[in-house]
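Here are some notes for a colleague who is opening this structure for the first time. Please read them with the sequence and the model side by side.

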Amino acid sequence: MKKIFFTTLILFLLSGITAFAQQKNEWDIRLRAIGVIPQESATIGVIGGDINISNTVVPELDFTYFFSKNFSAELILATTKHQVKTKGSNLSAIGAGSSADVDLGKVWLLPPTLTLQYHLPTGTLFKPYIGAGLNYTIFYNADKGPTVGGINYNNSFAFATQLGADFDISKKVFLNIDLKKIFLSTDVKVDASNLTPAGKPELAPVLKNIPADVKIRPWIIGVGMGYRF
């Protein structure tokens, strides 16, 4: 975060007098590398514990349309894959540890996000912006992992906030840095009935439907290039 702040500050100080202003009806397209860093936590039924969701780095494509000189709408498109596991779950009822980690496999996320942005009129090559909007995350190709019998994630809407800046290289080409926070949560159902001990068949209905309220709340840090139409 400190590196991003100081990089932005340096770009601002180096901004020249000549500036290329945004125009109404302008289209921008950006290709970024993004780091997705979940700030996860969970309330897990029956077995308790918490959740761990891996970080990932992927390419991202976004499109921005200026409906006035300083206001725009941005749509981002990317897909990410994450490893998921519980931490410190109590599995003593099925003869395992009282503080165990459970591998819940991997899951893909498709999180299209639409934000409305305000671009500060600096009059320089440095063009900061702030934004807020709506995310809808689709969970797909969930791999249940080697332990449980099945897992299901609910698709979910979430609020998104944004802070970023463009730095013009030419009239058409610019650098971009971008930071988003997505307040994403999902309801998860885990089927662990395959772990029912032979001597305790009454546990099967309980283990078949273990609920979890999972807060993912990722930071998304992006750096890339843009082209202005």
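1. Asn152 has Lys189 in strand E13 as its bridge partner, and in this predicted model the strands E10 and E13 run antiparallel and are joined by 4 bridges.

2. The pairing of E10 with E13 belongs to an open sheet of 4 strands, which follow one another in the order E2-E14-E13-E10 with antiparallel pairing. Strand E2, covering residues 41-44, and strand E10 stand at the edges with a single partner strand each, so that one side of each is left without a neighbour in the sheet. From one strand to the next, the twist averages 20°.

3. Turning to the aromatic side chains, the structure holds 7 aromatic pairs, and one of them is formed by Trp27 and Tyr65, whose rings are tilted, with 4.9 Å from centre to centre and 45° between the planes. Because Trp27 lies in strand E1 (residues 27-37) and Tyr65 in strand E4 (residues 56-66), this pair ties together parts that are 38 residues apart in sequence. Trp27 is partly exposed, with a relative accessible area of 46%, and Tyr65 also counts as partly exposed, at 26% relative accessibility.

4. Another pair to look at is that of Phe139 and Tyr153, whose ring centres are 5.4 Å apart and whose planes stand at 10°, so the pair is stacked; the cut-off that matters here is that planes under 30 degrees apart count as stacked. Phe139 belongs to strand E9 (residues 126-143) and Tyr153 to strand E10 (residues 150-153), and the pair links distant parts of the chain, 14 residues apart. Are these two residues, Phe139 and Tyr153, buried or exposed? Both Phe139 and Tyr153 are buried.

5. A last point concerns Gly199, which is placed in the loop between strand E13 (185-191) and helix H2 (204-208). Gly199 counts as exposed because its relative accessibility is 65%, and the cut-off for exposed is over 50%. How far apart in space are Gly199 and Ile94, C-alpha to C-alpha? The distance between the C-alpha atoms of Gly199 and Ile94 is 9.7 Å, while in sequence Gly199 and Ile94 are 105 residues apart.

Key: Residues are numbered from 1 along each chain as its sequence is written. This is a predicted model: local features need pLDDT of at least 70, side-chain atom pairs count only at pLDDT 80 or more; totals for chains, interfaces and linings use all residues. Side-chain values use heavy atoms; hydrogens and water are left out. Helices (H or I, at least four residues) and strands (E, at least two) are DSSP runs, numbered from the N terminus. Buried means under 20% relative accessible area, exposed over 50%, partly exposed in between (1.4 Å probe, protein chains only). Rings of Phe, Tyr and Trp (its six-membered ring) pair if their centres lie within 6.5 Å; planes under 30 degrees apart count as stacked, over 60 as edge-to-face and the rest as tilted. Two strands pair if DSSP finds at least two bridges between them. Axes are lines fitted to C-alpha atoms, for helices over the stretch in contact, and angles run from 0 to 180 degrees between N-to-C directions.
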